[in-house]
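Reader: Could you take me through the nonpolar cores and the aromatic rings of this model, giving the criteria as you go?

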Amino acid sequence: MSPTLTDASPIAREPADGLAVLERRGSVAEQFGIPLAVLAELTHRCPLQCPYCSNPVELERSRGELTTPEWKAVLSELAEIGVLQIHFSGGEPTARKDLVELVRHATDVGLYSNLITSAVLLSRDKLKALADAGLCHVQISFQGNEPKVADRVAGFSNAHAKKLEVARWTRELDLPLTVNAVMHRQNLDQLADIIAMAVELDADRLEVANVQYYGWALKNRAALMPTLQQLEDTTRIVEDARSRLKGTLEIDYVMPDYYALRPKKCMGGWGRQFFNISPTGKVLPCHAAETITGLDFESVRGNHSIAWIWQNSEAFNRYRGTGWMQEPCASCAFKEIDFGGCRCQAFALTGDAAATDPACALSPRHQEIFQLAATEADEAQSRFIYRNFAGGTPEPERD
């Protein structure tokens with residue numbers, strides 16, 4: 001059982017196993033150094049109800065969240081073992097009253113800090129306080145380029161207008177800005193205008209992120225799945241914008257897997273380049289890892305250091321490397337390139353996290369998944385099940 005901790009008690013654990021473990025040999029993970037960047041999911045609380053949210057369907061309650069001293073201890077430990085960047089996320093990280101204090105502590109221990117936010121809870125004074133505390137970058141999610149669609153997707157009135165306001169404050173405070181545009185069938189027709197919006201906002205970077213189907217997005221897949229024609233149009237628009245806006249706006253493009261022929265190198269490979277820490281302190285190989293039942297994830301509230309968890313925990317080592325692979329992955333020429341694709345997606349679509357990712361054309365389930373995507377896109381369901389603590393509430397009928 002984890003020790004009981006209060007606001008006055010930092011995380012307690014066995015001494016000094018964090019750095020020493022990096023010198024050990026013989027571990028399956030010995031070739032994988034500590035990631036340069038870590039995602040800190042401070043809370044699952046959020047005023048928005050986005051139907052594609054990557055948070056678990058069973059959201060963590062605020063009473064279980066790491067306390068301010070606990071998060072500070074985590075940030076200090078991350079800096080000590082060689083992490084360079086901390087990405088504050090959620091839910092909505094600005095729902096935490098201690099966010100300025102956490103950003104200041106990240107600055108004090110030498111971490112580059114990025115705020116990943118819906119922006120709707122921010123005032124200009126709060127954003128300035130974050131900047132004064134050393135915040136290095138702001139990433140704002142947008143659900144469209146105009147209020148009608150964007151606010152409907154967010155499940156929150158006037159969200160789009162507030163996002164635009166905060167984006168302008170961000171640049172006025174001389175903070176770098178990333179626009180994160182989560183794309184799906186019901187807003188892909190706005191992509192060209194979203195790109196223009198990012199330029200008008202003086203963003204440094206735009207993420208064109210097609211929805212990935214885990215958690216709430218899996219529940220809403222039939223309402224979100226784009227058509228193949230939409231994806232072809234999207235690719236053309238992105239390629240044209242990259243050429244036209246080179247030197248003005250960096251554009252990242254994340255394709256949805258259901259129409260792919262090869263799986264993506266998910267998170268750089270399971271337990272190879274990335275981990276995140278959940279609101280209750282679980283250390284996870286990716287933000288969706290808890291969707292895989294049967295895996296137990298170590299917590300920062302336990303007796304092991306973060307470095308020990310990264311190197312030695314059973315959950316991180318379960319799908320590391322290639323030794324766990326079944327056929328056709330085990331004999332595939334690409335196994336050291338894509339590392340089998342996404343384990344969470346394999347589990348969601350086949351019930352077996354060790355199965356070949358159905359995004360791969362070599363998977364026996366690939367054609368079935370491709371046809372499922374095409375069918376759901378063609379049926380054009382439009383109703384969302386919104387993300388909330390009650391488990392999802394259908395939206396009211398529209399005129």
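Predicted model: local features only at pLDDT ≥ 70, side-chain atom pairs only at ≥ 80, totals over all residues.

Reader: How many residues does the largest nonpolar core have?
Author: A nonpolar core is a set of buried Ala, Val, Leu, Ile, Met, Phe, Trp, Tyr and Cys residues joined through side-chain atoms within 4.5 Å, where buried means under 20% relative accessible area, exposed over 50% and partly exposed in between (1.4 Å probe, protein chains only). L78, I86, F88, L206, F275 and I277 have the most contacts inside the largest one, whose residues number 66.

Reader: Is Y259, which pairs with F370, buried or exposed?
Author: Rings of Phe, Tyr and Trp (its six-membered ring) pair if their centres lie within 6.5 Å, planes under 30 degrees apart counting as stacked, over 60 as edge-to-face and the rest as tilted. Y259 and F370 are edge-to-face, at 5.6 Å centre to centre and 90° between the planes. F370 is partly exposed at 21%, whereas Y259, at 10% relative accessibility, counts as buried.

Reader: Which residue lies over the face of W310?
Author: A charge sits over a ring if NZ of Lys or CZ of Arg is within 6 Å of the ring centre and within 35 degrees of the ring normal. W310 is buried, with a relative accessible area of 0%. At 4.7 Å from its ring centre, the residue over its face is R320.

How values were computed. Residues numbered from 1 in each chain as written. Heavy atoms only, no water.
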